[in-house]
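Take a look at the sequence and the structure below.

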Amino acid sequence: MDELPNWASPEIDWRQPSVARIYDYALGGAHNFEADRQAQDEALKVFPYLNDAARANRGFLHRAVRFCLDQGIRQFLDLGSGVPTVGNVHEVAQEVDPESHVVYVDHDLVAVAHARTILANNPRAVVLHEDIRAPHQILTHPETLQLIDFEQPVAVLMVGMLHYVDDSAEPMKLLREYQDCMTPGSYLIASHLTSDLPEMRSAAPFFDDSRNPMTLRSKTEIEALLADYELVDPGVVFTVQWRPETPPPANPERSACYAAVARRG
Ligand code: SAM
């Protein structure tokens with residue numbers, strides 16, 4: 001049994017796996033507990049490329065943020081931002097332009113507490129402890145409005161996130177609510193674990209007892225979710241295939257996750 005380390009607040013339910021901490025474990029981080037590690041280790045037995053898939057997802061996030069910076073975007077709303085790890089959005093963005101503004105949102109206490117520590121001396125980045133299924137709370141939050149001017153283009157990130165929005169939470173409606181706040185020229189950066197891969201379908205049930213069971217979707221379903229946006233080339237592809245900087249691996253489907261950057265026209 002784990003003892004709560006000094007960075008963990010007593011409200012954290014460390015007995016129930018949390019995807020923020022599972023993902024941290026997959027990326028080699030230290031902000032996770034035994035329950036998180038067990039869930040991931042079981043899933044790895046049926047899908048041994050799951051940790052590579054997490055790294056590939058992170059690589060996509062970095063390339064997509066840099067793409068948006070190249071398009072002139074200087075404000076980012078990162079929904080389901082996770083436990084901070086190497087190459088956080090504010091690090092990538094503020095390296096290009098120190099004036100870039102970033103609002104992180106997560107409902108996981110470990111992710112939020114760790115982000116608060118990292119951002120303590122950064123006046124241009126903040127983290128909100130909110131549920132992304134309540135867009136109004138996030139979009140009208142005083143700290144959001146302090147950093148994001150919705151009259152200007154913004155990049156909204158839902159990276160490794162939408163598969164935690166089940167059909168009862170109406171993902172299409174949710175995307176529209178965020179889209180309504182995005183001025184033309186804004187971008188959506190999204191990635192989504194897919195049901196097209198049999199190994200992923202076998203691995204997903206290992207996370208059913210976590211705080212965030214997965215709703216895997218097919219490529220067609222993911223494309224349908226993004227139908228209101230103009231897809232940037234190359235469209236919806238596996239994360240490793242989205243504008244790779246080095247030749248993508250021979251088995252792109254092992255990244256298990258489709259990715260897209262889409263423009264609000
Ligand atoms: N976006 C980061 C990335 O791609 O590297 C982290 C992805 S991690 C797999 C998914 C994150 O979404 C977790 O930190 C989890 O806590 C968060 N999350 C899941 N459902 C959420 C919700 N309804 N509201 C806020 N955060 C949520």
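This is a predicted model: local features need pLDDT of at least 70, side-chain atom pairs count only at pLDDT 80 or more; totals for chains, interfaces and linings use all residues.

Helix H3 (residues 50–70) and helix H4 (residues 89–96) pack at an angle of about 35°, and their axes are 10 Å apart. Helices (H or I, at least four residues) and strands (E, at least two) are DSSP runs, numbered from the N terminus. Axes are lines fitted to C-alpha atoms, for helices over the stretch in contact, and angles run from 0 to 180 degrees between N-to-C directions. The crossing of H3 and H4 is right-handed. A crossing is right-handed if the near helix is turned clockwise from the far one, and left-handed if anticlockwise, by less than a right angle.

Which residues meet here? On the H3 side they are His62, Val65, Arg66 and Leu69. On the H4 side they are Val89, Val92, Ala93 and Val96. Two residues are in contact if their C-beta atoms, placed from the backbone, lie within 7 Å. The residues of this contact divide into six nonpolar, one polar and one charged. Here Ala, Val, Leu, Ile, Met, Phe, Trp, Tyr, Cys and Pro count as nonpolar, Asp, Glu, Lys and Arg as charged, and the others, Gly among them, as polar.

Residues are numbered from 1 along each chain as its sequence is written.

The protein chain has a mean pLDDT of 95, and 98% of its residues reach 70 or more. pLDDT is the predictor's confidence in each residue, from 0 to 100. For the complex, the predictor gives an ipTM of 0.99 and a pTM of 0.96.

Helix H5 covers residues 109–119. Its buried residues are Val110, Ala111, Val112, His114 and Ala115. A residue is buried if 20 or more other C-beta atoms lie within 10 Å of its own, exposed if 12 or fewer, and partly exposed in between; C-beta atoms are placed from the backbone.

What do the buried residues of H5 pack against? They pack against helix H1 (19–26), strand S2 (101–106) and strand S3 (125–129).

## Strands S2 and S3

S2 and S3 run parallel, joined by five bridges. Two strands pair if DSSP finds at least two bridges between them. Asp106 has His129 in S3 as its bridge partner. Four of the five residues of S3 are buried, so S3 is largely enclosed by the rest of the structure.

His101 sits in strand S2. Is His101 buried or exposed? It is buried, with 23 other C-beta atoms within 10 Å. Leaving out residues up to four places away in sequence, His101 touches Arg74, Gln75, Arg124, Leu147 and Ile148. His101 and Asn122 are 21 residues apart in sequence and 9.8 Å apart in space, C-alpha to C-alpha.

## Strand S8 and its partners

Strand S8 spans residues 257–263. Six of its seven residues are buried, so S8 is largely enclosed by the rest of the structure. Strand S5 (residues 187–193) runs antiparallel to S8, with seven bridges between them. His192 stands opposite Tyr258 in S8.

Strand S6 (residues 230–231) is also antiparallel to S8, and two bridges join them. Leu231 faces Ala262 there. Strand S7 (residues 237–238) pairs with S8 through two bridges, again antiparallel. Val237 stands opposite Ala259.

## Backbone details in the loops

A cis peptide bond joins Asp233 and Pro234, with omega about 10°. Pro234 lies in the loop between S6 and S7.

Glu170 is not a glycine, yet its phi is positive, about 50°. Glu170 is in the loop between strand S4 (155–158) and helix H8 (171–180). It counts as partly exposed, with 13 C-beta neighbours inside 10 Å. Ala256 also has a positive phi, near 65°. Ala256 lies in the loop between S7 and S8. It is buried, with 27 other C-beta atoms within 10 Å.

Glu143 is found in helix H7 (residues 142–147). Glu143 counts as exposed because it has 12 C-beta neighbours inside 10 Å. Not counting residues up to four places away in sequence, Glu143 touches Val103, Val126 and Leu128. Glu143 and Asp13 are 130 residues apart in sequence and 27 Å apart in space, C-alpha to C-alpha.
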